[in-house]
Amino acid sequence: VLALIFGKMTTPRVEACVDPGNQAAFKLLKKLCFQEEGLLRKYWFNNRTRQYDDMVMLALLADEYRCR
């Protein structure tokens with residue numbers, strides 16, 4: 001999927017927002033060379049807990065993808 005996004009679509013970056021407690025997602029994104037960019041405080045409303053939760057933003061730039 002990343003090859004398609006950075007190849008044919010010429011997108012400059014791909015972003016992912018992850019729950020800070022989701023270690024499996026962090027592990028996968030780090031393996032794909034995504035870089036952590038910051039904490040988005042109270043970014044989304046969690047219907048299950050009925051409160052706003054934080055998310056962590058990660059991104060992969062096209063230039064970083066091509067260097068892998």
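Tutor: We will go from the whole chain to single residues. Keep in mind that this is a predicted model.

Student: Where do I start? How many helices and strands are there in the protein?

Tutor: Start with the elements, then their order. The protein has 3 helices and 3 strands. Along the sequence they follow the pattern α-β-α-β-β-α.

Student: What is the radius of gyration of the protein, and what would a compact globule have?

Tutor: Set the value beside the rule. A compact globule of 68 residues would be near 11 Å, but this protein has 14 Å. Now look at the spans along the principal axes. The C-alpha trace covers about 40 × 20 × 20 Å.

Student: What share of the residues is buried?

Tutor: Buried residues are 29% of the 68. The protein exposes about 5,100 Å², and carbon and sulfur atoms supply 54% of that.

Student: And the contacts along the chain? What share joins residues 24 or more positions apart?

Tutor: Count contacts with a separation of 6 or more. Of these, 51% are between residues 24 or more positions apart.

Student: How far apart are the mean positions of the positive and negative charges?

Tutor: Average each set, then take the distance. There are 11 positive and 8 negative charges, and their mean positions are 5 Å apart.

Student: Now one residue. Is Asn-46 buried or exposed?

Tutor: Use the cut-off: buried means under 20% relative accessible area. Asn-46 has 8%, so Asn-46 is buried. Asn-46 is found in strand β2, residues 35–46.

Student: Which residues does Asn-46 touch, leaving aside neighbours within four places in sequence?

Tutor: Those contacts are with Gln-51 and Asp-53. There is also a polar pair to find. A polar atom of the Asn-46 side chain lies 2.9 Å from the backbone nitrogen of Arg-48.

Student: Why does Gly-21 count as exposed?

Tutor: The cut-off for exposed is over 50%. Gly-21 counts as exposed because its relative accessibility is 57%. Find Gly-21 in the loop between β1 (13–18) and α2 (23–31). Then look from Gly-21 to Lys-31, 10 residues along the chain. Their C-alpha atoms are separated by 17 Å.

Student: What about backbone angles? What is phi at Thr-10?

Tutor: Thr-10 has a positive phi of about 50°, although Thr-10 is not a glycine. Thr-10 sits in the loop between α1 (2–7) and β1. Lys-42 is not a glycine either, and has a positive phi of about 45°. Lys-42 is found in strand β2.

How values were computed:
Residues are numbered from 1 along each chain as its sequence is written. This is a predicted model: local features need pLDDT of at least 70, side-chain atom pairs count only at pLDDT 80 or more; totals for chains, interfaces and linings use all residues. Side-chain values use heavy atoms; hydrogens and water are left out. Helices (H or I, at least four residues) and strands (E, at least two) are DSSP runs, numbered from the N terminus. Buried means under 20% relative accessible area, exposed over 50%, partly exposed in between (1.4 Å probe, protein chains only). A polar contact is a pair of N or O atoms within 3.5 Å; within protein, one must be able to donate a hydrogen and the other to accept it, and residues adjacent in sequence count only if both atoms are side-chain atoms. Contact means heavy atoms within 4.5 Å. The radius of gyration is taken over C-alpha atoms; the globule rule is 2.2 Å times the number of residues to the power 0.38. Accessible areas come from the Shrake-Rupley method with a 1.4 Å probe; for residues, only the protein chains shown count as cover. Lys and Arg count as positive and Asp and Glu as negative; His and the chain ends are not counted. The place of a charge is taken as NZ of Lys, CZ of Arg, CG of Asp or CD of Glu.
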